Amino acid sequence: MADYPAAAMSFSTTTPRPHIFTLAWPLLVELVLAVAIGVAGTWLASHLSDTAGAAFAFAHNISVTLFLLFRIVGSGVGVVITQSLGAGHREGANRVALASVGASTWIGVVTALVALFGAGPLLELLQTPDDVFPLAAPFLMALAPALLFDAWNASMAAVMRAHLRTRDTLLVLLAMHTTHVLLAVPLMQGWGPVPAMGLPGFAVALTLSRALGLVLHLVLWRQHLGLVTRAPDWWHLPRRELAEVLHIGIPAAAENIAWRLAFMAAMAAAGTLGAAALATHAYVQQIGSMVIVFSLATAFAVEIMVGHMVGAGELGEAHRLVRTSLGRGLVISGVVAGAVALAGPWLLGAFTSDPAIIAEGCILLWIGVLVELGRTFNLVVINALRATGDVRFPVMAGAASMALVLAGGSWVLGIHFGFGLAGLYIAFAADEWIRGLIMWRRWAVQAWVPHARAARRKLRPRM
């Protein structure tokens, strides 16, 4: 271990240090709820038709890609606020929180306009099959208003988590998702005088539930954080606070966007395999998302804790936390991914009765075990690096693997060599392991320490 400097200020100057499980379990439930909504949407769409299931997958993947733009604000806000709180600088943390509202407005508006007016070109870019396109395009356009509300909710939830209020964000998510499901079923399938809207009904229910989430976040900000937004806060862009946020947020978002673009290139390869392959991929992806939530919850909790520790100067504690959390994350993700693969025939049977789709899906779930183990390295370690201020390395080191192994490998293995979806998933696994091991070496050799010390020095004049 390196000779870490002694903490200049204890973590407990603002709040007692919680156990990582205390932070992780509400995050885990949050993520499970979010995944459940995606699974429920896929299930509802699949019961309209397999073509509708594929359309849902295409539009949903584009909306998720657009949502990553919100990480420009959300990731930066979370790290800056946790470091400020760790250093005991509450006033600065509040200024950053309010600055995130205006930034979210502008990013949300731009994202909503892209979904509304760019649905056609985006779906064409993904090689959407002709029979899927007429269902996917109006669905993606209908998702536009929900994206604006998601921009605000994402940044407000990041602020709450940075203040260790993970249980409050869980309650908001629970209210949003419950409302969404209760509205989605009658709007999609029709109920009494309500006409069946199909996939757009899912989008309308999503928008209404996200509006409820915004109201609840505003109430919680006032009650628990003492933060009250004024009218100018909704569009004002304070330079100093946002400069700190963007220093962290832009590279963090770039890393996520680079992965998503590479994944969309892989989706384009899948699009050439036909509607049945797309439906298989959609169902496996939704089932696989049940596994990733365990690593994600650990990663988010680690990011919050490491940010506070960096602000308090407790770098040795941060190093030990990451090593322990990564080991536990690998065990949990491996066990859960294996259990899901074993239950593959029953899980896939909930989406379709096509034996060919079920058989191929089971193969993909077993390859998915390797994918999830490699992904655990990326999620836990990259989030820890980000919390220390080491945000550029993950983008620079991972870009080549994303482009060559994830995107390129999907086309080479899946299309050129004719392995189909199995080839795509082998490329997914190879990319996750290559990047994951690179990130782990970065953490293990403590190349992040200078970034953490630099972040600490920036906070000292304010203390």
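Okay, let's start at one residue: Asn 256 sits in helix H10, residues 239-271. Helices here are DSSP runs of H or I with at least four residues, strands are E runs of at least two, and both are numbered from the N terminus.

Before I go on, the ground rules. This is a predicted model, so local features need pLDDT of at least 70, side-chain atom pairs count only at pLDDT 80 or more, and totals for chains, interfaces and linings use all residues. Residues are numbered from 1 along each chain as its sequence is written, and side-chain values use heavy atoms, with hydrogens and water left out.

Back to Asn 256. Is Asn 256 buried or exposed? Its relative accessibility is 19%, so Asn 256 counts as buried. Buried means under 20% relative accessible area, exposed means over 50%, and partly exposed is in between, with a 1.4 Å probe and protein chains only. Setting aside neighbours within four places in sequence, Asn 256 is in contact with Leu 68, Arg 71 and Arg 386; contact means heavy atoms within 4.5 Å.

Now Leu 406, which is in helix H15, residues 392-416. Leu 406 counts as buried because its relative accessibility is 1%. Leaving out neighbours within four places in sequence, Leu 406 has a list of contacts that includes Trp 259, Phe 263, Ala 427 and Phe 428. Leu 424 is 18 residues from Leu 406 in sequence, and their C-alpha atoms are 8.0 Å apart in space.

Zooming out to the whole chain: there are 17 helices and zero strands. Of the 463 residues, 58% are buried. The C-alpha atoms fill a box of roughly 60 × 50 × 35 Å along the principal axes. For 463 residues, a compact globule would have a radius of gyration near 23 Å, and this chain's 22 Å agrees. That radius is taken over C-alpha atoms, and the globule rule is 2.2 Å times the number of residues to the power 0.38. Taking contacts between residues at least 6 apart in sequence, 85% join residues at least 24 apart.

Last, the pockets. What is the volume of the second largest pocket? About 320 Å³, while the largest pocket holds about 470 Å³ of space. On a 1 Å grid over the protein atoms alone, a pocket is an open set of points where a 1.4 Å probe fits, with protein on both sides within 12 Å along at least five of seven lines, and lining residues have an atom within 4 Å of a point. Grid points are joined across faces, edges and corners, and a volume is the space filled by probe spheres set on the points.

In the largest pocket, H1, H11 (275-312) and H12 (315-342) each supply at least two lining residues. H12 gives the largest share of that lining, eight residues.

For the second largest pocket, 17 residues form the lining, and the closest to its centre are Gln 83, His 247, Ile 248, Ala 455 and Lys 458. Helix H3 (71-86), H10 and helix H17 (449-459) are the elements giving two or more residues to that lining. H17 gives the most, with five residues.
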